[in-house]
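Here is a short briefing on one structure. Look at the sequence and the model, then read the points below.

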Amino acid sequence: MPSTLLGRWADSNALSLGVLGVGNIGMVHLKSALAMPDVDVVAAADALPANRDRAERAGVARTYDDYTTLLEAEDLDVAVVALPPFLHADAVECAADAGVDVFVEKPLARSTDEADELLETAREANIAVGVDHTLRYQPDMAGVKDDYDDGAVGHVPYASITRLNDHPLGRPPADDAPPEWPLDPDAAGGGSLIELGVHCFDVLEWLFGDLEVRDATMGQSLDIPAEDAATVLLQAPETGTAITLHCGTYQWEQLPEVNTRLRLEGITGTISNQDHLPENFYASAATSALSNVASRLTGSGPDVFGPTFYLQAHYDALADFCTAVREGETPPVDGADGRRTLELAETAYELAEAAESDTLEVPEVMT
Amino acid sequence: MSVHVATVDVPERRGGWTTDTDRRLALLESPVRAVLEPYADSHSDVDRITLVPDAHYPFHPSSGMVTDPAVVGSIAAVLQAQTGADIAVSGATDDTIAFDRAAGYLGYPSVLDRFDVDLVDLAEESRRDCVVSVPEQQLSVSVPDRLLESTVIVVPTLRPTRAGSVAGGIRTLGRLTASVADADLTALGAMRAIEPAFSVLDATTAYGGDPIAADTLATGPTPQVDAIGASLLDRSLESDPVLKHALGADEPSITVESATGDDVDLTALRRRLPDGELPPPDDTHPAVSTAYRLYAAVAGDAVPPQLEQRR
């Protein structure tokens, strides 16, 4: 962390925070920030009036239809960049011009080249960059790591991770037009591997150390420009673990159920994230309610998004970033981590493309 | 009035969905020819045919929520050979999604290109008002000219609507027209104005709360085919206002014939089909949304945007 950042916030009572982009995930960040102690959410920006209205109803003081205007008009400490990926680099550049630290929704950028430029801009401006890779913040993933680090199943020769949802097409009934950009690789940086796979790469390196991509294949269930399924074969040299990763945006999802599976196959048994999930939503909600009421009485901090562990993970990730900024430390999931997930995705794309273009050699038939 | 039924024989099945479009077209060729055969003579001299599938949104065809483009392509190929007519496949851009986008994602262009069949967005075409009789009133419906000037064949999939009725051919036509009346009366008016030649029910994959490979095609007058579809999904004809009026006194007289000469056992098919509904309209189940709001009120927590009911 640059020394100039140390103590920047030492005399500050609260971080001044703005949210750039308040679509679904931007609203999660906005509501998270509004619930944080020592964070003052001063403004949000979104091109869509309906999103701005929603942000105002949530309690943000001012809204803008352009994030550049917000960054020029407001005196921010932190900007949450929850814009589509094709705007990340520009938004970070604008934030850098204003000297504002950034917490960027994944993917950090559309490519490692774009990430390099983004990170160089941030370095020159001496701003911190955090990335919203949240799987490692989920209690089920933390439970897996605890068991694994405890040696609960011995050596793990094989692991698998699956993450599926229906972004952006959804399931019936159809109410809204799906946004164009998530289906446009030029705008999003790719398909489901960029949408979901980068989260998986991040949590896998958190568990197993540096990964090597050995092979990959991409799939399309519909005639869309980007892949809606990706399967990647990985090797973790440090732990001697072979790993398969499958992610896809083809499966109908109904919240609060989410389809994220992580299994570590060890010598003495299996570690599964399913064993660390709340048993059901209602029980979890009741537990969180009791916990929060108790927190009110004791004056300690309540859970935020308590019953939905995957949204609580977004809160925790942003809270950790704000703490790091406040204390002048490197963000726990920083730009280098975000870039690394893109590097692994690019290798997977290259291997899949190479396999696709390989022509089958017809073996010589001996007669 | 007869409804002609054929089953699609899928040898060496691997799962419920055949991914390869060429293979689906090959599997469909014979049963599609069989169910269209009863109409071969009556339509031999038409010069313009419009096929109207249920392509309302890019849900994967293996879900049963949309008409399989291979079924539509196969119908087009058979009709081309039988009639030499100029064939188009039509839908309309609506408030939810552009037709070319939905049809494109579903793979319609790549299938239809094989048969030199055009994809037409009726939202971009001229239309005219037609006054038709619907229960207790005369209704003016705005109908695309193409549907009035060509031989229309509706190709619905077998699925329920959001309200729970069978989607069917009548309601598929209703989505392409406009009137001041509600959706049901508009659908009824659309059918009376357009007078579709017949329907081809794509029940190769059906949806009734879950998808199922039903491997069945049925042709016949649009109301009668819709009635068969409703029956297969275990919906009451009497409580469906569209079917009740569309069928009128004809309802008891529907006969089902095998198009191939093989036995047709719709009772067995009906037992196989799930009779459920579409998922709830919100991202989250309404019971969960309600529980979350209660929780948030008690606990002082935030309600995630994904769990808020749509406004």
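The crossing of α8(A) and α11(A) is right-handed (the near helix is turned clockwise from the far one by less than a right angle). This is a predicted model: local features need pLDDT of at least 70, side-chain atom pairs count only at pLDDT 80 or more, and totals for chains, interfaces and linings use all residues. Residues are numbered from 1 along each chain as its sequence is written, while chains are lettered from A and ligands numbered from 1 in the order in which they are written.

**Helix pair in chain A**
- Helix α8 spans residues 192-208 and helix α11 residues 335-357 (helices are DSSP runs of H or I, at least four residues, numbered from the N terminus).
- Their axes come within 9 Å and cross at roughly 115° (axes are lines fitted to C-alpha atoms over the stretch in contact; angles run from 0 to 180 degrees between N-to-C directions).
- α8(A) and α11(A) are therefore roughly perpendicular (65 to 115 degrees).
- Contact residues of α8(A) include L193(A), V198(A) and F201(A); those of α11(A) include R340(A), L344(A) and A348(A) (contact: C-beta atoms, placed from the backbone, within 7 Å).

**Domains of chain A**
- The domain assignment, automatic or from a database, gives domain 1 (11-127) and domain 2 (136-276).
- The C-alpha centres of domain 1 and domain 2 of chain A lie 26 Å apart.
- Eight residues from domain 1 of chain A and seven from domain 2 of chain A make the contact.

**Chain B**
- The C-alpha atoms of chain B fill a box of roughly 70 × 50 × 40 Å along the principal axes.

Technical notes: Contact = placed C-beta atoms within 7 Å. Helix = DSSP H or I, 4+ residues; strand = E, 2+ residues; numbered from the N terminus. Parallel < 35°, antiparallel > 145°, perpendicular 65-115°, else oblique.
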